Amino acid sequence: MDIEHVRTRFIKHLGGEPGSVYASPGRINLIGEHTDYNGGFVFPGAVDKGIVAEIRPNGTRTVRCYSIDMKDRIEFGLNEEDKPRTSWAKYIFGVCRELIKRGVDVQGFDTAFAGDVPLGAGMSSSAALESTYAYALNELFGESKIDKFELAKAGQATEHNYVGVNCGIMDQFASLFGKAGSLIRLDCRSLEYKYYPFNPVGYRLVLIDSVVKHELASSAYNKRRQSCETVVAAMQKKHPHVQFLRDATPEMLTEVKGEVTTEDYMRAEYVIDEIQRVLDVCDALEAGDYETVGQKMYETHYGMSKLYEVSCEELDFLNDVAKECGVAGSRVMGGGFGGCTINLVKDELYDAFIAKAKESFRAKFGKNPKVYDVVISDGARRLT
Ligand code: GLA
């Protein structure tokens with residue numbers, strides 16, 4: 001990310017002296033999809049793409065923002081009724097409000113920001129935006145008194161209360177806690193986490209972007225979450241300790257089969273299996289067994305496509321190409337409905353796989369997929 005680019009635009013559109021520059025990344029997730037809001041495990045890492053923002057307190061109660069990528073300038077106040085209509089500005093406004101609710105005396109500021117996380121690609125550009133401002137405003141107005149978990153929760157609450165997506169904690173967590181070279185296993189029920197240095201000798205991680213934007217995803221996403229909660233409610237009649245699908249066993253699911261819809265049943269079946277798969281992948285990684293890691297990724301793809309139904313034709317196609325090329329593991333990454341596949345590829349197969357994926361995707365869909373090599377990087381930080 002180019003700090004100079006952001007600074008030049010900041011001075012041009014907001015005038016005056018430079019402020020402080022902050023950055024926060026997007027994320028990948030090796031495995032553990034739609035498990036976070038079910039109290040399960042996730043296995044993300046931060047990437048080398050993110051949001052960079054220049055921020056300078058302005059001594060007023062007004063926030064003046066310039067989005068460099070959208071070439072759009074918005075101003076808003078800090079009270080609940082000041083919510084802006086522009087969608088990108090809702091994220092910044094939401095973070096201000098959530099930090100105020102947590103006791104930070106957020107005041108007006110001038111800011112310009114830009115990003116290089118591809119939008120709608122399942123790499124969490126929105127969490128990167130939220131985490132950048134949560135981290136920065138906590139430092140600039142809150143003497144850094146809010147810890148990083150609470151900052152992640154403020155970002156998540158922004159999605160719930162100001163954007164309308166009832167997401168889990170994974171994306172904001174990864175954006176704030178990321179560490180270069182390590183993936184992080186997070187238990188989303190206890191919030192315990194562990195860094196796993198990730199250096200799969202002889203393999204590479206690569207993302208292939210179907211360029212299908214997951215814009216319509218939020219209502220479908222919330223619906224998936226609803227299904228999980230319905231199944232939990234059915235299980236609770238007999239097993240009151242079940243708070244999340246994390247607490248459920250396959251046997252409990254069988255017990256409620258007649259009480260829930262086939263659709264809700266399939267959703268829960270996927271989630272229960274997926275939570276176990278994260279643990280299996282951790283064991284396989286510790287044993288250096290990347291072929292098993294890859295196998296689990298294919299199982300996740302199958303579940304996301306056939307049971308959770310958050311894949312699409314383009315992503316299923318990319319998954320098939322990976323299989324045909326002998327790629328160790330491949331699956332749709334993130335919330336789904338578009339975006340990228342994440343692929344674990346042996347070094348010697350890499351070039352042939354990328355060439356084949358590009359060529360066959362173009363032949364079938366008439367558009368070029370994008371390819372991103374994964375560099376696992378640090379989380380939110382101040383740059384100047
Ligand atoms: C989105 C949400 C996350 C998580 C993933 C699916 O990225 O923001 O909380 O649920 O989808 O794993």
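Here's a short briefing on the domains, the ligand's pocket and the contacts there. Keep in mind that this is a predicted model. The protein chain is assigned two stretches of interest, domain 1 (3-199 + 378-382) and domain 2 (203-373), and the ligand's shell draws at least three residues from each of them.

**The two domains**
- Notice how domain 1 is written: it takes in 3-199 and also 378-382, while domain 2 covers 203-373.
- If you compare their C-alpha centres, domain 1 and domain 2 lie 25 Å apart.
- Where the domains touch, domain 1 puts in 37 residues and domain 2 puts in 45 residues.

**The ligand's surroundings**
- The ligand takes up the space of the largest pocket.
- Around the ligand you'll find Arg27, Glu33, His34, Asp36, Tyr37, Cys167, Gly168, Met170, Asp171, Tyr221, Gly334 and Gly335.

- Asp36 has a polar side-chain atom 2.5 Å from an oxygen atom of the ligand.
- Tyr221 also uses its side chain, with an N or O atom 2.6 Å from a ligand oxygen.
- Gly168 works through its backbone instead: a polar atom there is 2.9 Å from an oxygen atom of the ligand.
- On its own the ligand would expose 300 Å², and the protein buries 91% of that.

Technical notes:
Residues numbered from 1 in each chain as written. Predicted model: local features only at pLDDT ≥ 70, side-chain atom pairs only at ≥ 80, totals over all residues. Heavy atoms only, no water. Near = heavy atom within 4 Å. Polar contact = N/O pair within 3.5 Å; in protein donor to acceptor, adjacent residues only side chain to side chain. Areas by Shrake-Rupley, 256 points an atom, 1.4 Å probe, with all protein chains shown as cover. 1 Å grid on protein atoms, 1.4 Å probe; cavity = no way out; pocket = protein on both sides within 12 Å on 5 of 7 lines; lining within 4 Å. Sits in = over half its atoms within 2 Å of the grid points. Domains from an automatic or database assignment. Contact = heavy atoms within 4.5 Å.
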